[in-house]
Amino acid sequence: METANDTGYVKRSRKKDMAESGAREHKEQLEKLKQKDPEFYEFLKEHDQELLQFSDEDEDIDEDVGSDMEDGDLQPDEEASDQEIQEKENKMSKKVITTSMVESWCKSIHEKGSINAVHSLMKAFRTACHYGDDGGNESTTKFSVMSSAVFNKIMVSVLNEMDGILRKLLKLPASGGNHDTIKNLMTTTQWKSHSHLVKSYLGNALHVLNQMTDTDMISFTLRRIKYSSLFLAAFPSLLRKYIKVVLHFWGTGGGALPVFSFLFIRDLCVRIGSLCIDECFRGIYKAYVLNCHFVNAVKLQHIQFLGNCIIELVGVNLQNAYQHAFIFIRQLAMILRDALNTKTKESFRKVCEWKYMNCLELWTGAVCAYSSKSDFKQLAYPLTQIISGVARLVPTAKYFPLRLRCVRMLNRIAASTDSFVPVSMLLLDMLEMKELNKPPTGGVGKAVDLRSILKVSKPTLKTRAFQEACIFYVVEELAEHLAQWSYSVAFMELSFIPLVRLRSFCKSTKVDRFRKEMRQLIRQIEASCDYVNERRMSVSFLPSDLAASSFLEDEKKSASSPLSKYVVTLRQRAEQKNTSFMESSVLVGEEASVFGKEISDSDEEDAKKNEEGAAVFSSSWLPGTGNDAKINEPKETKGKKRKQQRKERAIEDDVVEDLVLSSDEDEPSAEEDDIVDNAPPKLKQNKNKHKHKHKPKRFKTK
């Protein structure tokens, strides 16, 4: 009776015979090739020596592992002993990777250029990236990573070396390249032979990126994959997945991760171009909008960083970016038009919220950065019209911060495009509102940072701190506006109405501090008028002549007018004030805002990067094991963390309350607005019925 051992012996014998016959056939084919096409044979001899030196005695490590797996697949006989079953189960165990094996593969690749070593290293990399995955077919896995030290060795070795190995196999330059490079490469025999290695490397790296939680690991991995991002042009599906993942890291990552993520996205747009640039523009704008719903003094820095990244990406392809910017600005205009036509509370809310205002800030920065380019300068006029409409949408004192923010954007556009934008009336109208002309009845109050709010509550309107903040900001922005035109030949006529209204405010106000501040601004405006009039008395051109545009051009470059010098002192005062707000602010989500670490992304510092990578991957983290701590976390600890997160979220979120267009006397307090905003719909409907009977309860929203 034939036993299982006999069957296994017969199978191994048959396999050996098949291998020997395959080797003989291969040698015969090579001999025929040498006689039939000697030139191609010489080419193989020069570029693929291993193919010509084929021997049936050579055994690849994959074949050894495969034979072990086949032996392990044999089913034991019913009469077999427990010892035989145990021996066969031991044969089923996968081959264990050691650090010495990884080092030997790397050595073979560098010294001999062994293709077999590259394949073995890539299979080990795949096993490392998929280690701990659920539902995987473990019987097909030839290697297993048993310790974190081996995992670290594989990850660092592959991420540091694989780009150079692939470029050498594909006969590409050591760095650089563009979409045409890949397009030409895909028709070569090298690509047909080694493209599966490229896809395996990029695909497995993407998989492990989705598993990582440590920002240092993700940053190092992205920094190394960036050198091979050019190859994504050959795999559109992988390219889309990488864009989605990297944009997520850019929008939500902490530390230096947003920087490395943006560099990756920018490198894709520069090298691959039309295949991904549209998707990158849409994706990065969407990620920006999701991050700018709420603002405080600290998060403001992070939002400004995200906006600067988008502005930098716009410069990669201005013509393409113009089309997207036109669409996004048109969307903002449609939202404003809906608010002006319907005049409902919900339509006003869509305009008077951080998401809308931060989008205006973004496109203002883009227009200012590329105002010298004809593509983007055309967007200045429609953007100015939208910002002016937003500033006049709600002419009440509660929305002074929003109006001042709009004025600041208009001043930036006017300065960058060298065009006149009438903002003085927006500022002078604020001085005539009763909230700034009557004595404060709410006491001194807390210092108000108008940069990080869009709306103030009714109690804050009556404080002295709010009045001072408004007056100082009006003086700063009005001085900025007039200083831009303090070198114009028509400055005396331009400044006439502002001077009249400022003198009127000095007479009407009863606060000495405000009167002193305004008189100082008036003196500087009058001094600038005299400065311009002295020089224009000697000119002979008419106001319509082209020579009028070059009037006091040298003085403007040197900023020598009295108003320009006064603006410098105002900027210094504002900077000191902003610094004090930053120091006194509650740091909520600090790690999400700290991104300004000085990093160097120079391609010449590979040695330093390798050391950093070895340090980063020296932890005990393995894919598939990142959730153990969360699962085993005690319930009490989870409850404390949830309470702490709710407290932080309450501090961080500067929620824009419902916009009520009734008079100030009939308005509810800001606290009541917040309660109603977070309450179920029934409570909102019954708010006016019960506000005199009892205070509404706070409801927790899911």
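Let's start with a charge over a ring. Lys-577 lies over the face of Tyr-473, 4.4 Å from the ring centre. Keep in mind that this is a predicted model. There is another such contact. The charged end of Lys-226 sits over the ring of Tyr-227, at 5.2 Å from its centre.

Now, rings with rings. How many aromatic pairs does the structure hold? The count is 10. Take Tyr-370 and Phe-376. Their ring centres are 5.9 Å apart. Their planes meet at 55°, so this pair is tilted. Stacked would need under 30 degrees, and edge-to-face over 60. Buried or exposed, these two, Tyr-370 and Phe-376? Both are buried.

Next, Phe-420 and Trp-485. This aromatic pair is edge-to-face. The distance is 5.8 Å centre to centre, with 65° between the planes. Where do the two residues sit? Phe-420 is in the loop between helix H21 (400–417) and helix H22 (424–431). Trp-485 is in the loop between helix H24 (464–484) and helix H25 (491–494). Now for accessibility. Phe-420 has 43% relative accessibility, so it counts as partly exposed. Trp-485 has 15%, so Trp-485 counts as buried. The cut-off for buried is under 20%.

One last item: a cluster. Which residues form it? Tyr-285, Phe-328 and Trp-363 form one aromatic cluster.

How values were computed. Residues are numbered from 1 along each chain as its sequence is written. This is a predicted model: local features need pLDDT of at least 70, side-chain atom pairs count only at pLDDT 80 or more; totals for chains, interfaces and linings use all residues. Side-chain values use heavy atoms; hydrogens and water are left out. Rings of Phe, Tyr and Trp (its six-membered ring) pair if their centres lie within 6.5 Å; planes under 30 degrees apart count as stacked, over 60 as edge-to-face and the rest as tilted. Buried means under 20% relative accessible area, exposed over 50%, partly exposed in between (1.4 Å probe, protein chains only). Helices (H or I, at least four residues) and strands (E, at least two) are DSSP runs, numbered from the N terminus. A charge sits over a ring if NZ of Lys or CZ of Arg is within 6 Å of the ring centre and within 35 degrees of the ring normal.
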